[in-house]
Amino acid sequence: LPFKKVADMWKRDDRNKVYVGRRVKCSSETSLISPGAFSLFQCRACVRLHRQAQLWRNGIIIIRAKTVRSEVQCLVIMTIPLGAIDIVCRGGVGCEKECKSLLEDVMTLLLDVIEEHSPGT
């Protein structure tokens, strides 16, 4: 996959007023999340979440179908060094429930992959 900057992929959109997010971080500063775990997460996110997705080397944007209010998007990026993964979901006014739902779906899948591929981190 190509390497891209987050700023190129996650452009500001004034329609998006709701943001929710989480950081998944290693339990100690000497631990790293396996790079293979993130690649596996990207593949599973495309298959299991059945959403549109944009992929690049250290990130993915998952787009949930447009609601009546707006489109809900989730940005997942692996930090360098490989100690954390940031997840941010955004949507328009009134999309709090949809943003939180997508965040929970992504978190569940990500934690399952990390536990399977990088246990103990």
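Predicted model: local features only at pLDDT ≥ 70, side-chain atom pairs only at ≥ 80, totals over all residues.
## Overall layout

The protein chain contains 3 helices and 5 strands, and, read from the N terminus on, these elements follow the order α-β-α-β-β-β-β-α. Of the 121 residues in the protein chain, 45% count as buried. Among the contacts in the protein chain with a separation of 6 or more, 62% are made by residues 24 or more positions apart.

## Helices H2 and H3

Helix H2 covers residues 35-48, and its 14 residues should span 20 Å at 1.5 Å a residue, which agrees with the 20 Å between its end C-alpha atoms. Helix H3 has 22 residues and reaches 31 Å from its first C-alpha to its last, which is close to the 32 Å expected at 1.5 Å a residue.

Both helices have a set of buried residues. In H2 these are Ala37, Phe38, Phe41, Gln42, Arg44 and Ala45, and they pack against strand E2 (52-56), E3, strand E4 (72-78), strand E5 (84-91) and helix H3 (96-117). In H3 the buried residues are Cys99, Leu102, Leu103, Val106, Met107, Leu109, Leu110, Val113 and Ile114, and what covers them includes E1, H2, E3, E4 and E5.

The C-alpha atoms of Leu109 and Ala45 are separated by 7.4 Å, although the two residues are 64 residues apart along the chain.

| Residue | Location | Relative accessibility |
|---|---|---|
| Trp10 | loop between helix H1 (6-9) and strand E1 (18-25) | 15% |
| Arg64 | strand E3 (residues 59-64) | 13% |

Trp10 is placed in a loop, between helix H1 and strand E1, and yet counts as buried, with a relative accessible area of 15%. Not counting residues up to four places away in sequence, Trp10 touches Tyr19, Ile61, Gln73, Cys74, Leu75, Val88 and Arg90. Trp10 and Ile60 are 50 residues apart in sequence, while their C-alpha atoms are 10.0 Å apart in space.

Arg64, found in strand E3, is also buried, at 13% relative accessibility. The side chain of Arg64 is joined to that of Asp105 by a polar contact of 2.6 Å; Asp105 falls within the range of helix H3 (96-117).

## The largest pocket

Empty space in a structure is shown by rolling a probe the size of a water molecule over the atoms. In this model, the largest pocket holds about 200 Å³ of space. Its lining is formed by 13 residues, of which Lys25, Ser28, Glu29, Gly83 and Ala84 are the closest to its centre. Sorted by class, the lining of the largest pocket comprises 5 nonpolar, 5 polar and 3 charged residues. Of the residues closest to the centre of the pocket, Lys25 belongs to strand E1 (18-25) and Ala84 to strand E5 (84-91).

How values were computed:
Residues numbered from 1 in each chain as written. Heavy atoms only, no water. Helix = DSSP H or I, 4+ residues; strand = E, 2+ residues; numbered from the N terminus. Buried < 20%, exposed > 50% of the residue type's maximum accessible area, 1.4 Å probe, protein only. Polar contact = N/O pair within 3.5 Å; in protein donor to acceptor, adjacent residues only side chain to side chain. Expected span 1.5 Å × (residues − 1). Contact = heavy atoms within 4.5 Å. 1 Å grid on protein atoms, 1.4 Å probe; cavity = no way out; pocket = protein on both sides within 12 Å on 5 of 7 lines; lining within 4 Å. Points joined across faces, edges and corners; volume = space filled by probe spheres on them. Nonpolar A, V, L, I, M, F, W, Y, C, P; charged D, E, K, R; others polar.
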